[in-house]
Every structure is written in C-alpha cells, then in structure tokens.
Amino acid sequence: MNAPQLVGQSLRKRVNDAGFVVDLLLRTALSLGFLPRRTRFTLDMAFNAGVRALPVTMVVAAFAGAILAMQTGIELRRFGDTGVLGTITALSMCREMGPFITGVILAATVGSSMAAEIGTMKVSDEVTALEVMSVDPINYLVMPRVIALAVMCPLLTALTDFVGICGGSLVAAQNLGVSQTLFWNSAYDALASSEHFLPKEVYVGLFKALVFGTAIATVSCAAGLRANGGALGVGLAVQTAVRNSVILIIVLGFIITWFFYFLAG
Amino acid sequence: MIELNDVKKQFGDRQILAGISLSVPRGMNYVLMGPSGSGKSVTLRNIIGIVRPDSGSVRVGGMEVPTMDRDQLMALRRRMGYLFQNGALINWLSVAQNVALPLQEHSKLSSSEVDDRVQDVLRMVGMQNSAEQSPTDISGGMKLRVGLARALVTQPEYVLYDEPNAGLDPIISHQIHELIAEVRDRLGVTGLIVTHSRACAVHCGDRIGILENGRIGLEGSVAELTSSGHPLAKAFLGSGAD
C-alpha cells in the first residue's frame, strides 16, 4: 500500500469513527424516554463520577487558581493594578479554566473507566448478551452514563470555579498583598454585573461543562462499544476515549467561546 | 423449527459458511460439531440475527431472520434463549438480578412474580443458594448454570447453546448435559447446541451435524454416525474420549 492509500485509509477510518460517535449521540438522545426506568442506575453513575473525580478536581482547581493569580499578579504589580486580580481570576476560572480542568479530569478518570467497563463487556460478549435478550445496549449502558456525566460535569465545574477562585484569593493575600475583601469584591463585581439570572461568564462556562460532559461520555462509550480483541482492545479503547475526549474538549471549548463572545456578542 | 438453507457468510477473504443447510424440528436438540473456527458460533449468531448471512435462508418458526427489521428481531429474540460460552453475565448485577433482567425489561409481571420465576429457574439449575452472589464470586460452571437460568427464565421456545461445557470438568459438564436434556424433555424447548464434546453430543443430541468446509459434511443420529465409519464421525464421536 502506498502513502496516499494509507492516508486515504486512515481518513476513512477517522470519518467512520466520527460517524459512529454522532450516530451514538443521536440514538442516545432518542432513548431518553427510558430515563425513568434507568433512574437508579443513572444516579449511581452520577454519584460514582462525582466521587471519583471530586478530590483530584478540587486539588487541581485550587492550584490552578493559585497559579493564575500568581502569574497575573506578578505582571499587575508592575503597573500597581493588583486590585483587579479578583476580576481576572474569577473571569478566567468561570469562562475557561473551570470547565476545561473539570473536563480533562473527568475524561481521564470517569471517561477512561467508562471505556474500560463497556470495552470489557464488549469483548466478553456481555453486550451481545444484552442484544440477544432484546435489551438495547444504548439505553441500558450508554444513556445513563451520558446523562450522569452531562449533569455532573456542570456541578463539578461550579465547585471547580469556586475552589479555583479561593486558591487565587489565598495567593493574592499571602504573596501579592491584596486584601481578601478587595479580591472578593472585585470577583463579585465581575460576575454579578449581568441582566441575566446567571452572569454570562458563569452560564457560558456551565454550558461548556454540559457539552463537555456529554461529549466525554459519548466518546468514551463509543470507544468501549467498538473494542475488540481482548485485553489489548480494551486498552486501546481507553486510550482512544481519553485522547478523543481531550481533543473534543479543546475544539468544542473554542467553538463555544467563539459563538458566545464573537458570534452572538 | 429452525431451518438454514444454503447459508453463506464471509469475513474479509475468509469464507466461514459455504452453504450450510440444516433443520432442527420442534422439541429436539440438534448438536453442531466441527473443528475450531469452522463457523459453529457464526451459525448460531446468524440464527439469532446478530450476524446477517451474505446469502441463503435462515428461518425460525417459519419467519425469515435476515430480512427482519429491528422490532421483529427483538420480538423473535424474546422467544429465544442463548447460552454463551462463559455465561456472559453482567458483572455489577447479582446472580438473581442477572436472571431477572430479561423479565424486568420485557414482561409485565409484578416484582414478586419475577422473584418467583427467578427462584424457580435458579432451583432448576441448582443455583438457588447463590442468588445474591456476584458473578465475579462464582466459578465458571456456576456462571454457565446462571447463564442457562437466564436463557430459560422467559420460557423460550428455542435455546441456542454455544459451547455449553467449554473448560468445565467432567462432573460439571455432566450436570450441564443433564440440564440441557431436561430442558428439552420437561419444557419441550427446541435446542441447537454447538460443542466439541462427544459426551454432550451423546447425552443431549437427537441429531448431530458435523461441519466440514463451511457446510454440513455429515449428519445423523449418534448411532448412525458412529456406525458409519466416516472419518469425520470417528474424529468427533468415535474415540470415546471427551
């Protein structure tokens, strides 16, 4: 096989994979009617996702907020303008860093385990067994996971935003001489100045998190459902799930920011 | 009745089924034997509609399986049971929950009726004392028995058995064979059994078919095949070893 053929084959595979994910997302949406029947399982999934990701998310959020305040504060101090540190930290966390950090951690912890669980079920014929029992694997396995992560990602993001701002406030007070009152007032002013129920920075960030959660779960379940070839196949499915989730988080994050801040004003 | 007529299936360049034809009359067990990779499991998967043949006819209860839409296929599968080689139990459900799953998904039975039905089939396969155990805590033979209970709990008309005694010791194998024969005799279930085991064929099979080059190379009762002197019959039934 020559180089163009290899490129063509690789492209065909990527398009095929993307088509599978989109098809899975649509079929998951169509199976939402089964949600009442899967409530218990969905809540279990949501609880597991939250518990599994919470500690690491909070640690990363606190340090990310602290680093953000520190790096920004060093520059602002040169201009004697450290009073806006709260504004910058709060806006950065809510708009971008909160959803991004939460998404990446969920992809690495929960998304990978979803791909491994479903991949193991696939290679050990459990998914086939469901089909044989006329149980649709989409509404039994995929839909509860997608709903769980779509709900948990915004909730975790809200916590990440708050903990990140707390981390920033500590650094601002300890290292940059910005009082807690000034920092929090500045952060509050930045987020509260809105005619909407939620400030734009917060709702765009939470919307991003909702999209990230849905994307991570769908991509991870798709990777699991396409696993084959035993343990090696499951390992590859996990790798594919995390890689594709992180790529999607970045691309979708860009598109959503562009849409809300440039296209829709 | 299960009927396959000139069924062909190819994966890539490899022709797995090259015109297999067989029929399993109602209430009988048909044992399908053949070398590894000869297409035995693919045959079962064609019958239950997981795999579609490239050509040929697959009929279950008079209905053509490959042309069924999704709803028809799901309706057909509710009348069928399938025993996987490893049981294929869902790991996060208990033994009883695994067995109850098809009933909870499709029947309109109350939870107490489901429990009763689950207890009945677990008792039938001798697993009533393990109802609350996790599949990860039970042996391979027990998993198979639970898998059989799950296949039977919906009171199917047809059961497909994929290597029901693979990797089991002779004592557990014998128990499984007795169960399969009992399912036919007591419940009148039509069975298609894929196996390498002579003991399974002798104990459970009313009719034996041996696959050769993607089609049935030899067919008959155990007595007919063993007395035929055919090399295939000798290879699969003649040695007496299991």
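These legends describe close-up views of a predicted model. Local features need pLDDT of at least 70 and side-chain atom pairs count only at pLDDT 80 or more, while totals for chains, interfaces and linings use all residues. Residues are numbered from 1 along each chain as its sequence is written, and chains are lettered from A and ligands numbered from 1 in the order in which they are written.

**View 1. The fold of chain A.** Chain A has eight helices and zero strands. Helices (H or I, at least four residues) and strands (E, at least two) are DSSP runs, numbered from the N terminus. The C-alpha trace spans about 65 × 50 × 35 Å along its principal axes. Of the 265 residues of chain A, 46% count as buried (20 or more other C-beta atoms within 10 Å of their own, with C-beta atoms placed from the backbone).

**View 2. Helix H3 against helix H6 in chain A.** H3 (residues 85-123) and H6 (residues 180-192) have axes that come within 7 Å and cross at roughly 50 degrees. Axes are lines fitted to C-alpha atoms over the stretch in contact, and angles run from 0 to 180 degrees between N-to-C directions. Residues making the contact include A:Leu85 and A:Cys94 of H3(A), and A:Phe183 and A:Trp184 of H6(A).

**View 3. Chain A meets chain B.** Ten residues of chain A are in contact with 14 residues of chain B. Contact means C-beta atoms, placed from the backbone, within 7 Å.

Definitions and conventions
Contact = placed C-beta atoms within 7 Å. Buried ≥ 20, exposed ≤ 12 C-beta atoms within 10 Å, placed from the backbone.
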